Amino acid sequence: MNHTPNYNLSQWDAEDKVLHTDFNADNAKIDAALSGLASGKADAPALEALAQTLREKVNILTGRYTGDGAAARTISLGGQPRAVFVCPNSGRTYNSRSNGFCMGGLAVPGSPLVGSGKTALQIVNNGFWVSQNTGENNTGGAAVNESGVVYNYIAFL
């Protein structure tokens, strides 16, 4: 097993056995660094080292796409995310004044975002799937791929 250079936090290789004692030791180091921050004792290099460790452990992707009006489409991310949040540039995720359209929200594997009984957003193997489908006579549904609308997303891989 390798360790980070500043806090000596565990960096597991594929063949390493993961032990709870390693996690506990890492959490104690992180707790001490955060405690130092709260008391004003943490220095900038130590905080940057902690931030870098966290960035290495969680892959966060942000981006945007412009809706093309298709009934459904997949936004490829290069891997299956653990969670995705999507919303249009307006920041609204639901529009009750426009027949109750779900315009965005959060999806996790096995729990898609549903609006008015229509799946709006779901996790797929290589990214996430969005829908532009409406109920009969535009009576609600999913509007997460509306033509010309810019949508922002954050995905945790």
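Biologist: Is Thr 4 buried or exposed?

Modeller: Keep in mind that this is a predicted model. Buried means under 20% relative accessible area. Thr 4 has 8% relative accessibility, so the residue counts as buried.

Biologist: Where is Thr 4 placed?

Modeller: Thr 4 lies in the loop between β1 and β2. The loop between β1 (2–3) and β2 (10–11) also holds Pro 5.

Biologist: Is Pro 5 buried or exposed?

Modeller: The exposed class starts over 50%. Pro 5 has a relative accessible area of 78%, so Pro 5 is exposed.

Biologist: How far in space is Thr 4 from Thr 53?

Modeller: Compare sequence distance with space. Thr 4 and Thr 53 are 49 residues apart in sequence, but 7.6 Å apart from C-alpha to C-alpha. Pro 5 can be read against Thr 53 as well: 48 residues along the chain, 9.9 Å between C-alpha atoms.

Biologist: Thr 53 belongs to α2. What should the 14 residues of this helix span?

Modeller: The expected span is 1.5 Å times one less than the number of residues. For α2, residues 44–57, that gives 20 Å. The end C-alpha atoms are 20 Å apart, so the model agrees with the expectation.

Biologist: Which residues of α2 are buried?

Modeller: Ala 46, Ala 49, Leu 50 and Thr 53. They cover an arc of only 95 degrees around the axis, which puts them on the same side of α2.

Biologist: Which residues are exposed on the other side of α2?

Modeller: Ala 44 and Pro 45 are exposed there.

Biologist: Moving past the helix, where is Val 58 found?

Modeller: In the loop between α2 and β3 (60–66). Val 58 has a relative accessible area of 33%, so the residue is partly exposed.

Biologist: Which residues make a nonpolar surface patch with Val 58?

Modeller: Ile 60 and Phe 156. Together with Val 58 they make a patch of about 220 Å². A residue needs over 30% relative accessible area to join a patch, so Val 58 at 33% can take part.

Biologist: Now charges. How many salt bridges does a search of the whole structure find?

Modeller: Look for a side-chain nitrogen within 4 Å of a carboxyl oxygen. The search finds one. The side chains of Arg 73 and Asp 68 meet at 3.9 Å, N to O.

Biologist: At what relative accessibility does Arg 73 count as partly exposed?

Modeller: Arg 73 is at 22% and counts as partly exposed. Asp 68 is at 44% and also counts as partly exposed.

Biologist: What about rings? How many aromatic pairs does the count come to?

Modeller: Three. Take Phe 128 and Tyr 153 as one case: 5.1 Å centre to centre, with 65 degrees between the planes. Planes over 60 degrees apart count as edge-to-face, so this pair is edge-to-face.

Biologist: Which strands does the pair link?

Modeller: Phe 128 sits in strand β11 (residues 127–134), and Tyr 153 in strand β13 (residues 150–156). The two residues are 25 residues apart, so the pair links distant parts of the chain. Phe 128 and Tyr 153 are buried.

Biologist: Which residues do the ring pairs link into a cluster?

Modeller: Tyr 65, Phe 128, Tyr 151 and Tyr 153.

Biologist: Back to strand β11. Is Ser 131 buried or exposed?

Modeller: Ser 131 lies in strand β11. With 0% relative accessibility, Ser 131 counts as buried.

Biologist: One last contact across the sequence. How far in space is Pro 88 from Val 150?

Modeller: 5.7 Å, C-alpha to C-alpha, though Pro 88 and Val 150 are 62 residues apart in sequence. Pro 88 is in strand β5 (residues 83–88). At 4% relative accessibility, Pro 88 counts as buried.

Notes
Residues numbered from 1 in each chain as written. Predicted model: local features only at pLDDT ≥ 70, side-chain atom pairs only at ≥ 80, totals over all residues. Heavy atoms only, no water. Helix = DSSP H or I, 4+ residues; strand = E, 2+ residues; numbered from the N terminus. Buried < 20%, exposed > 50% of the residue type's maximum accessible area, 1.4 Å probe, protein only. Arc of directions from axis to C-beta. Patch = residues over 30% accessible without salt bridge, like charges linked within 9 Å, V, L, I, M, F, W, Y side chains within 5 Å. Areas by Shrake-Rupley, 256 points an atom, 1.4 Å probe, with all protein chains shown as cover. Phe/Tyr/Trp six-rings, centres within 6.5 Å; stacked < 30°, edge-to-face > 60°.
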